[in-house]
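Student: Could we go through this model together, a bit at a time?
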Amino acid sequence: MSPKTNRRTFIGTSAAISSILLAGCNARVPHIGFSNDVRSNIDLIGRKVPEAPDGAKVTPLSDSRIPEESLIREAVKSAIEESPAYIRVNKKEKKALQSTLDSLPKHTNSNNLAQNGWYMEHQSSVVHVSIQVLD
């Protein structure tokens with residue numbers, strides 16, 4: 001066999017074996033962080049925006065419905081410093097976060113889905129908060 005044929009055979013065999021080995025790797029597995037916390041399948045995203053869209057209710061970050069140690073506060077403050085801010089949610093925090101978000105006014109716009117979410121105000125800045133579901 002020529003070196004060219006050997007190389008092609010090697011590449012073809014390697015590709016076939018790799019696809020077989022990796023076929024099961026897309027199964028849902030828990031995300032484990034550095035502190036061994038099991039992560040949920042959502043990220044909280046904060047994006048600083050010039051202003052809220054028409055009809056959106058802006059909630060001050062000081063609102064009593066938002067707990068002091070909330071991921072929402074972290075996302076808003078981080079987004080003001082550097083936007084966008086991505087906050088990974090662990091499983092222990094997911095239920096409390098969802099409960100807090102459910103208590104706040106959510107803006108929905110079927111014509112512009114990117115505007116959907118919660119609008120928060122802090123230090124004269126407006127931050128759009130949304131949830132991203134991960135696969």
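Student: Where does S124 sit?

Tutor: S124 lies in the loop between β5 and β6, where helices (H or I, at least four residues) and strands (E, at least two) are DSSP runs numbered from the N terminus. Before going on, note that this is a predicted model, in which local features need a pLDDT of at least 70 and side-chain atom pairs count only at pLDDT 80 or more, whereas totals for chains, interfaces and linings use all residues. Residues are numbered from 1 along each chain as its sequence is written, and side-chain values use heavy atoms, with hydrogens and water left out.

Student: OK, and what is phi of S124?

Tutor: Phi of S124 is near 60°, a positive value in a residue that is not glycine. Q123, which lies in the loop between β5 and β6, also has a positive phi, near 50°. Most residues other than glycine have a negative phi, and most peptide bonds are trans.

Student: Is S124 buried or exposed?

Tutor: S124 counts as exposed at 74% relative accessibility, and Q123 is exposed with a relative accessible area of 59%; here buried means under 20% relative accessible area, exposed over 50%, and partly exposed in between, with a 1.4 Å probe and protein chains only.

Student: Which peptide bond is cis?

Tutor: The bond from S83 to P84 is cis, with omega near 0°, and P84 belongs to the loop between α2 and β4.

Student: Switching to charges: how many salt bridges does a search of the whole structure find?

Tutor: The search finds 3 salt bridges, each defined as a side-chain nitrogen of Lys or Arg within 4 Å of a carboxyl oxygen of Asp or Glu. One of them joins the side chains of R88 and D43, at 2.6 Å from N to O. Since R88 lies in strand β4 (residues 85-90) and D43 in strand β2 (residues 38-49), this pair ties together parts that are 45 residues apart in sequence.

Student: How exposed is R88, and how accessible is D43?

Tutor: R88 is partly exposed, with a relative accessible area of 34%, while D43 counts as buried at 8%.

Student: And which residue does R65 pair with?

Tutor: R65 forms a salt bridge with D63, with the closest N and O atoms 2.9 Å apart; R65 is partly exposed at 34% relative accessible area, and D63 is buried at 15%. The side chains of E68 and R73 also meet in a salt bridge, at 3.7 Å from N to O, with E68 exposed at 63% relative accessibility and R73 buried at 9%.

Student: What about the core, which residues have the most contacts inside the largest one?

Tutor: The largest nonpolar core has 20 residues, and those with the most contacts inside it are L44, I72, V76, L97, M120 and V129; such a core is a set of buried Ala, Val, Leu, Ile, Met, Phe, Trp, Tyr and Cys residues joined through side-chain atoms within 4.5 Å. Two or more residues come from each of β2, α2 (71-81), β4, α3, β5 (118-122) and β6 (125-133), and α2 gives the most, with 6 residues.

Student: What does I72 touch, neighbours aside?

Tutor: Leaving aside residues within four places in sequence, I72 is in contact (heavy atoms within 4.5 Å) with L44, L61, I66, L97, T100, L101, L104 and M120. T100 lies in helix α3 (residues 91-103), is buried at 9% relative accessible area, and touches R65, I66, P67 and I72 when residues up to four places away are not counted.

Student: Which residues of α3 are buried?

Tutor: In α3, L97, T100 and L101 are buried. Seen down the axis of α3, the buried residues fall within an arc of 95° (taken from the directions from the helix axis to the C-beta atoms), so they line one face of the helix. On the other side of α3, K91, K95 and D102 are exposed.

Student: Last topic: what is the mean pLDDT of the protein?

Tutor: The mean pLDDT, the predictor's confidence in each residue on a scale from 0 to 100, is 80, and 74% of the residues reach 70 or more. Over residues 25-35 the pLDDT is below 50, and this stretch has 14 contacts in the model beyond near neighbours in sequence. Where pLDDT is low, the predicted coordinates should not be read in detail.
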